[in-house]
Amino acid sequence: MAALTTALIAVAGVILGWIAIEMACKPCLEKGREAIDRSLNPDYDPDDDAQIRSPLNPNPN
């Protein structure tokens with residue numbers, strides 16, 4: 001019975017730890033997951049992105 005209790009406590013600890021990491025790192029994890037989803041999408045074209053980056057030196061004069 002003690003082994004079962006120990007196993008349940010260990011599993012609960014792992015689950016609670018995972019939830020804590022998900023909550024603490026949510027913005028970073030979401031950006032990473034979005035990047036993975038884009039890279040795995042065969043219809044994704046980076047040229048169609050709405051975010052067009054400005055040049056490094058917009059006014060050379």
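These legends walk through a few close-up views of a predicted model. Local features need pLDDT of at least 70 and side-chain atom pairs count only at pLDDT 80 or more, while totals for chains, interfaces and linings use all residues. Residues are numbered from 1 along each chain as its sequence is written, and side-chain values use heavy atoms, with hydrogens and water left out.

View 1. Helices (H or I, at least four residues) and strands (E, at least two) are DSSP runs, numbered from the N terminus. Of the 61 residues, 0% count as buried; buried means under 20% relative accessible area, exposed over 50%, and partly exposed in between (1.4 Å probe, protein chains only). The accessible surface comes to about 6,000 Å², and carbon and sulfur atoms hold 64% of that. Areas come from the Shrake-Rupley method with a 1.4 Å probe, and for residues only the protein chains shown count as cover.

**View 2. Helices α1 and α2 cross at roughly 80 degrees.** Their axes come within 5 Å. Axes are lines fitted to C-alpha atoms, for helices over the stretch in contact, with angles from 0 to 180 degrees between N-to-C directions. The pair therefore counts as roughly perpendicular, a term for angles of 65 to 115 degrees. Helix α1 brings I21, E22, M23 and A24 to the contact, and α2 brings K26, L29 and R33; contact means heavy atoms within 4.5 Å.

**View 3. R33 and E22 form a salt bridge, with 2.8 Å from N to O.** A salt bridge is a side-chain nitrogen of Lys or Arg within 4 Å of a carboxyl oxygen of Asp or Glu; by this rule the count is one. R33 is partly exposed at 41% relative accessible area, and E22 is partly exposed at 22%.

**View 4. M23 is exposed, at 64% relative accessible area.** You will find M23 in helix α1, residues 2–24.

Conventions. Angles under 35 degrees count as roughly parallel, over 145 as roughly antiparallel, 65 to 115 as roughly perpendicular and the rest as oblique.
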